[in-house]
Each structure stands twice: as C-alpha cells, then as structure tokens.
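This briefing goes through one protein model, from its overall build down to single residues. Please keep the sequence and the structure open while reading.

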Amino acid sequence: MYDTNRPEAAVGQQDIKISASDVQVFYGPKQAIKDLNVEILDKTVTAFIGPSGCGKSTFLRCINRMNDTVDTARVEGRIAIDGQNIYDRGVDPVQLRAKVGMVFQKPNPFPKSIYDNVSYGPKIHGLARDKAQMDEIVETALRGAALWNEVKDRLHEPGTGLSGGQQQRLCIARAVATAPEVLLMDEPCSALDPIATSQVEELIEQLRTRFSVVIVTHSMQQAARVSQKTAFFHLGSLVEYGDTNDIFTRPRDSRTEAYISGRIG
Ligand SMILES: Nc1ncnc2c1ncn2[C@@H]1O[C@H](COP(=O)(O)OP(=O)(O)OP(=O)(O)O)[C@@H](O)[C@H]1O
C-alpha cells in the first residue's frame, strides 16, 4: 500500500539522541500527552503520525521547549538529549533551540533579506568571527538546504519574495545555520506543491546523514518515503513505535492498523 522501499540498509546501530521518560503534558487542566516513553535515534528520520489532535505537535514542541512559550502548558517527566535533561534549571532554552532547530508548517521567513534570514541565528549565537566567516556559514547553510544555486545572485533581496517551496528551504537553511544536532519539522510540506515537497523530502534524506530529524506528517505516504522510524500517536498516547517498514506492513496494535488502513483518522 505504501512505498517502503527506502534505504533500510543505512539504518544500523545508531546512538540514542533523545530519550523521553514518563512525559505528561497539560494545557491547563487538559492532558495532551500521557505517560510517553520513547528513544529517538541519531542520524535517523523519525515520523510522528496519528489523527488530528492526538498530541504529535505538542510532543514535538517539548523537544526544544517551545511549549515554554504557551502560558497554560506544563511538561512533566524527563526529556534528555545526549543524556542531559533539557528541562533542568541550568538549561537555557535559547541555546537549546540553536541545538534543536525547528521548521514549521507554514514557511515563516523573517521580513529581511535572504542573507539576513540565514545569518540571524549564527549572529545571535556568536558563531562567526568576521564577515568572511559569516559569508561562509550562510553559503554552507544555503547549499545544505539545496537553495544556494537559486539564490546566490539575490542574497540581499527579501526572503519573502521567494516561492513557497524556496521559502521553506530558506527556513531549513536558517535552522541548519546554527549547526543543530536535531531538526524538528512540523508538517513542513503541507503548504507546498508536489515538486517543492519532493525537493524538501530529498533534502530530509540528506539532512539525516548529519543529525536526527523528527517530522510530524499527516501524509502516511510521506512518512513511508522519508522515515526509518515511525511513532503512532492516538489520544495523547504513543501507541506504537518501531521501524517504519514494520509499522506500515505489520502493525502490532489494532489502533495503528485501523489508522494506516484509513479506518480512524
Ligand atoms: N496552546 C494550546 N492550548 C490548549 N490546548 C492545546 C494547545 N495546543 C494544543 N492543544 C490541545 O492539545 C491536544 C493535542 O494537540 P496537538 O496540536 O499536539 O495535536 P496534533 O496531533 O499535532 O494535531 P494536528 O495533527 O491536528 O496538528 C489537542 O486536544 C489540542 O486541542
């Protein structure tokens, strides 16, 4: 039913990058995530799938503490990156977000030039000594986001003047410019046409050679194409997590089976 003919051979014994234990998330009195435990691997694409409102984005946003910005949100439990609990008092969320980048559903470039969009993060984190080094960071990030050739002659034009697909790759360049270790993507292709979607999917395949990529997607075809691991969420619980191939061909839980066969959703 789904194309699961992906480079499985490339999935070996990767290290655990993110480890979540007994995570509960509340918005006011309402519980959005219940008793979540999961280990997400380095250099792997992990897809979060499940019906609308099941908590995929909520959990994704816990991984870089974006939920700190929601007044009513409360996160309990432990989420560790390389063994360090990101909710420890000493962790600075701004530093954390440089290490754990995020790309949103709707491309959201700053109202600045293409160059400034990409140099913004490196600038606030002091990653460049001088202009020459910043130029290099910007070029590397744009190349890494497969956008350099399209924009190299218009770096000082507004990022908002690019097409939707180019804007999303610009947002990916902006996220990769701070040399993150994890990239979180919340339905990154939902506003893109099929050509731009396949460019972003090809990019995801390249990005995972460098870091851990976690993607929320409503498209099961996309999850099957881009991910090696899949987590199925339902009503705030992580129901099933495993190799993407197994989830789509031999789901263990009847709720997963019902979702992938289109009976719930
Ligand atoms: N800022 C918020 N305040 C209150 N409740 C929220 C907030 N954000 C999400 N929720 C609730 O938390 C639950 C999980 O939402 P979440 O957005 O994580 O689900 P999702 O699986 O990503 O959904 P979708 O696929 O529709 O994007 C839902 O019941 C939602 O209404």
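In which strand is Val25 found? Val25 is found in strand β1, which spans residues 16–27. The model is predicted, and the points below are grouped by topic.

**Overall build**

- The protein has 10 helices and 10 strands.
- Its radius of gyration is 18 Å, close to the 18 Å that the globule rule gives for 265 residues, so the protein is as compact as a globular protein of that length.
- Along the principal axes, the C-alpha atoms fill a box of roughly 55 × 45 × 35 Å.
- Of the 265 residues, 43% are buried.
- Taking contacts between residues at least 6 apart in sequence, 70% join residues at least 24 apart.

- Val25 is buried, because 23 other C-beta atoms lie within 10 Å and 20 or more count as buried.
- Leaving out residues up to four places away in sequence, Val25 touches Ala32, Ile33, Thr58, Cys62, Asn67, Ala73 and Val75.
- The phi of Asp22 is near 50 degrees, a positive value in a residue other than glycine.
- Most residues other than glycine have a negative phi.

**The nonpolar core**

- The largest nonpolar core holds 67 residues, and those touching the most other members are Phe48, Ile63, Ala141, Ala173, Leu184, Val214 and Ile215.
- Helix α6 (residues 164–176) supplies the largest share of this core, with 6 residues.
- Apart from neighbours within four places in sequence, Ala173 is in contact with Val118, Ala141, Leu142, Gly144, Ala145 and Leu147.

**Helix α3 against α6**

- The axes of helix α3 (residues 114–124) and α6 come within 7 Å and cross at roughly 30 degrees.
- That angle makes α3 roughly parallel to α6, since angles under 35 degrees count as such.
- The crossing of these two helices, α3 and α6, is right-handed.
- On the α3 side the contact is made by Ile114, Asn117, Val118, Tyr120 and Gly121, and on the α6 side by Leu170, Ala173 and Arg174.
- The buried residues in α3 are Ile114, Asn117, Val118, Ser119, Gly121 and Pro122.
- Their cover includes α2 (93–99), α4 (131–144), α5 (148–151) and α6.

**Helix α6 against α7**

- The axes of α6 and helix α7 (residues 194–207) come within 9 Å, with a crossing angle of roughly 20 degrees.
- This pair is therefore roughly parallel.
- The crossing of α6 and α7 is right-handed.
- Gly164, Gly165, Gln168, Arg169 and Ile172 of α6 make the contact with Ala196, Gln199, Val200 and Leu203 of α7.
- An α-helix has 3.6 residues a turn, so residues three or four places apart point the same way.

- Ala146 lies in the loop between α4 and α5.
- With 17 C-beta neighbours inside 10 Å, Ala146 counts as partly exposed, because that count falls between the cut-offs for exposed (12 or fewer) and buried (20 or more).
- Ala146 has a positive phi of about 55 degrees, although it is not a glycine.
- Thr72 is found in the loop between α1 (56–62) and β4 (73–81).
- Thr72 counts as exposed, because it has 10 C-beta neighbours inside 10 Å.
- Not counting residues up to four places away in sequence, Thr72 touches Tyr27 and Gly28.
- Thr72 and Arg174 are 102 residues apart in sequence, and their C-alpha atoms are 29 Å apart in space.

Notes
Residues are numbered from 1 along each chain as its sequence is written. This is a predicted model: local features need pLDDT of at least 70, side-chain atom pairs count only at pLDDT 80 or more; totals for chains, interfaces and linings use all residues. Helices (H or I, at least four residues) and strands (E, at least two) are DSSP runs, numbered from the N terminus. The radius of gyration is taken over C-alpha atoms; the globule rule is 2.2 Å times the number of residues to the power 0.38. Two residues are in contact if their C-beta atoms, placed from the backbone, lie within 7 Å. A nonpolar core is a set of buried Ala, Val, Leu, Ile, Met, Phe, Trp, Tyr and Cys residues joined through C-beta atoms within 7 Å. Axes are lines fitted to C-alpha atoms, for helices over the stretch in contact, and angles run from 0 to 180 degrees between N-to-C directions. Angles under 35 degrees count as roughly parallel, over 145 as roughly antiparallel, 65 to 115 as roughly perpendicular and the rest as oblique. A crossing is left-handed if the near helix is turned anticlockwise from the far one by less than a right angle, and right-handed if clockwise.
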